[in-house]
Amino acid sequence: MTFRPEPPATQQLPARRSLTVVAALGLLLFALWGIGTPLLGTDTLTATNQLTTSSPYQEAGLDTGSTVVPETRAPHVAARRHPLESQPVTPGLLADTLTSELPETILFKQSLFNGHGTGWDPYGAGGSALGAVPNNALYSPLTATYYMLPTWLAPAYERLLEIIVSAGACYLFLRRLKLSRPSAVTGGLVFASSAFMIVWLGFPQTRTAAFIPALFWALERFLQERRLRDAALISVPVACMLLGGFPSVTGFTLLTAAAYVGVRLLAEHPRELRRLLLSGLGAVVGVVAGFALAMFQLIGFLDFFSTWLIRGRAQDSSSHLDPASLLTSFSPWLFGTVNSSKPPGFILSPNLIEAMSYVGAGAVVLASVAIALPRRARALLPRASGIFFALATGAWLELIYLGGPPLGLAQKLPVLSTLFAQNYIGRARSILGFLVAVLAAVGFDLLLRRRAALPALPGPRWWRFLQRAHAWPIALGLAILAAGALLLRLAGQRVEEAGQGLVTSYFNQQLLIGAALLAAAVCCAAVLLLLGNTRVLAARPRPRHALRFLAAAGLPVLIAVQSASFASRYWPHSSRAQFYPVTDTHTYLADNLGEQRYASTVSAMMFGTNSAYDLRAVNGHAFIDNQFATLIQAIPGNPNFIETYVDFLDVDDAAQASSPILDLLGTKYFVTSLTQPILGTLVRAPKDATTQTIRPGIPVTVPLQGFGSLRGIGLTPSGALPAGLTDASNTISVVVKDAKGTVVTQTHKSTSTLWSGHQFPIPLAADNQAPGTRLTATLTLHATEPLTVAADHGLAALDTVTDADDGLRMVHVGTSAIYQRLNAQPRIRWASTSTVVTDQTARVSLLTSGRVSSDQVVLSAPGPAASGRSGSVTVDTDGTDMVSTTVDAQGAGYLVVADADQACWAASVDGKPAALVAADQGLVAVHVPAGRHTVSLRLAVPHATAALVLSASTAGLMLVTVAGEFWWLRRRRTGSASGGAGAEQGPPAEREQVSPARRLAPN
């Protein structure tokens, strides 16, 4: 493969080594400043501070980072405290990392330390695939930091490793394109600090995108060297991207890479069909080998994907980013901030993570230079690569920000429809960031070189005139100005739609900052361009060399400083005490839950976090089995309101907490927050026009309305509340006693949610009192200001909530209110009778009716009949990916396991395979004959062993190929040196000296 020589009279900047050091220091500055103190272990690079702004952590005082939490049984949640005040990040942006990525990584890490990596997470949403699929990037090389470091420390070093891999591979690729070292380092900096790589902190997205440059480097290396080991090398970044767990990024990258390889081969071998086909085949084989290497993970994804609930992902030609978001390419905070304490918030749709387009003001200018000087870029780069990166950047810009017919066509083409019709096009900013980084590096390299005038291109006089007049750079500049004006007008409309004066002033301020950075970058580029002429430099070399060096050094420094500032303001820091701390709610559930489940409302416990505590919940955040989702959706309020969420809305009735479906799922407890209405029968206390003032530290005793069972009381603040009373540190304590003065229960609650004229509920665990028991409540206010409440004849009027015969019992009140569900069935139980209902609608209706008895199972298809005889079940093992029981049955029946195990699970009875049948709409059952038997269920992904063998065999074949080629080439060189058959003839002086570039040329 040939390279054209560099342009005439072209030389590198003399101080290129110093400039390389400056660029490398800029990259180091970005990494250290951006990540910051989490690298030192003083805090953690996660948004777990958002956990402690919700229940039950807030009630425990953890939102201040000042409460010391007791050590827990699991080392990954051991409490540590640091007084750092982390910046508040807009809730929701990084919430998925708290409810899915981090908890599941914690669980998988625990299983590894126990001697095996689990393929299944049994703790949320009925159970979901974990290590069996690549969704959480658990086998990505970049996740290795989580297995080598404490979990709270690992995110900072995982991010550092991402920067090293992405910038390092980009450097290698750009050096393959014959760019200088300073340019290659700067290109790596631009990619590592691009929007996609910054905003998806903690997600698998960046662990996939970090290998984009590595794939292009491996492909370019193969195109230049055409060796077997280089074809084998292609498989490594492909496999790493597939293991990264975000298929759309991999798909967009492979599509772009395929176009790149095609363009390069056609340019290098336009008339050599055989060489073109063989080279193309080698690249394809490398990609296929990458899929084979990752097949041990992909096989699970292929099996589970068809069973998951997938909805709401269809895309059309209008599903693209707002073009106005392009302005964030040089001013990231133009449309708002992520700091909830410093409005305005980000105003563009859908959110900052999806819409941010940042690459840096310096990168925008450098990429524009590369496009403005196409002839010089063409002479500098391998054949067709310059034009490819320019056109590919334009194509992705059109698809991502304009959509329209091109995007609509891509969504309908047979091969591309799967990629474009089901994946949001905004995710293609991953590959776009890489393309812009390459153009920025090319532009920087062009500016660094001294140049004599290029010879005029042949053609008509008007064409030579346009060339001498620099028509293309001028036209490009005018086009950029026109596009910028249109984008500013569109951005103004978005700001007006936001309707906030604060947004307008903030927008103008950030626009001015971005414009100033653009102007600084333009000045640096202009100095390099104007002083780059050989004749100009020859006049007064020293001052001009110094000025050129300062201008050149200013560009990577400008990019690094702006990027580090952006990252440091976006990446959250949380106290180590806020990293999945343990409260009394977690402790109570851990001590009493056993093999059963709990369910919680959205304000009581953050769903998905339970996997970090090994607590089995109905709630969860994962891809959910389609059949199980249908069952969950029948619960009042539909807790599956988002396809990957199972979470219960806050309601003031017990309908969802008492749902028969929760009984089927073995839901022992239902958890609510202290601020929710107390479930039960409300007994209003009589009130007149009087009030009572509860003074700090002075107990007030009030007899309670009603008798016996008590779930809570409610008092009603009256008049204006003192400002200090609603401080979170103030509390009101309640002690409930019976007629003998015996303390029945006691609790306390923060006064932060007091609201004048509205009932202030205080849940109490006194739900087990005998009917007719007379109770009194003693209230003590722990605050600096008094509280005035509505009264009856001057005595505080306390509403009460009593048992409503709803199958619930209040059993714990602390940082949350926990109800025991008295009708919950065992999660693993014996069914002596069976009913077959083949129609799904009818089946769900029956299950929600409450008419299914505790010893009955509802089958989805005909199966062996149950005898109606009783049986007992002893659970021997209830692990992450295996359940083993001993069944002692008087007659034939079914072992029912209330887990979403219909896909990729297998059953055995006494060690022999048994049918695992669909039961209770999304759950499973095993038919068991009479007698004593061992019944086991285990995760068994079809063809998993074959896939593992394929991956291992491919890895072995790649190693053999590389070693074999090294051996063969070494043997050939040895034979040549000893005058063997392959030795060159003639004396050394007569041998042709072949340059590396010539060795790449076709024979």
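Strand S10 and strand S17 (residues 799-802) pair in the antiparallel sense over 3 bridges; two strands count as paired if DSSP finds at least two bridges between them. Gly714 stands opposite Asp799 in S17. This is a predicted model, in which local features need pLDDT of at least 70 and side-chain atom pairs count only at pLDDT 80 or more, while totals for chains, interfaces and linings use all residues. Residues are numbered from 1 along each chain as its sequence is written, and side-chain values use heavy atoms, with hydrogens and water left out.

**Whole chain**

- The chain has 30 helices and 30 strands; helices (H or I, at least four residues) and strands (E, at least two) are DSSP runs, numbered from the N terminus.
- Of the 1003 residues in the chain, 54% are buried, where buried means under 20% relative accessible area, exposed over 50% and partly exposed in between (1.4 Å probe, protein chains only).
- Among contacts between residues at least 6 apart in sequence, 79% join residues at least 24 apart; a contact means heavy atoms within 4.5 Å.

**The sheet that holds S10**

- S10 and S17 belong to an open sheet of 4 strands in the order S7-S17-S10-S13, with antiparallel pairing.
- Strand S7 (681-683) and strand S13 (760-766) are at the edges with a single partner strand each, so one side of each has no neighbour in the sheet.
- From one strand to the next, the twist averages 25°.

**Arg711**

- Arg711 is found in strand S10 (residues 710-715).
- Arg711 counts as buried because its relative accessibility is 0%.
- The side chain of Arg711 reaches the backbone oxygen of Leu679 at 2.9 Å.
- The side chains of Arg711 and Asp806 are joined by a polar contact of 2.8 Å. A polar contact is a pair of N or O atoms within 3.5 Å; within protein, one must be able to donate a hydrogen and the other to accept it, and residues adjacent in sequence count only if both atoms are side-chain atoms.

**The sheet that holds S8**

- An open sheet of 3 strands has the order S8-S15-S16, and its pairing is antiparallel.
- Strand S8 (691-694) and strand S16 (795-796) form the edges; each has a single partner strand, so one side of each is left without a neighbour in the sheet.
- Between S8 and strand S15 (residues 787-792) there are 4 bridges in the antiparallel sense.
- Thr693 stands opposite Thr788 in S15.

**Single helices**

- Helix H14 (residues 361-372) has 12 residues and should span 16 Å at 1.5 Å a residue; its end C-alpha atoms are 17 Å apart, which agrees. The expected span is 1.5 Å times one less than the number of residues.
- H14 is largely enclosed by the rest of the structure, because 9 of its 12 residues are buried. Among them are Val365, Leu366 and Val369.

**Packed helices**

- Helix H11 (residues 273-293) and helix H12 (residues 295-305) pack at about 75° with axes 5 Å apart. This makes H11 roughly perpendicular to H12.
- Phe291, Ala292 and Leu293 in H11 meet Met295, Phe296 and Leu298 in H12.
- Helix H10 (residues 247-268) and helix H19 (residues 429-448) pack at about 45° with axes 8 Å apart, and are therefore oblique to each other.
- Angles under 35 degrees count as roughly parallel, over 145 as roughly antiparallel, 65 to 115 as roughly perpendicular and the rest as oblique.

Key: Axes fitted to C-alpha atoms, helices over the stretch in contact; angles between N-to-C directions.
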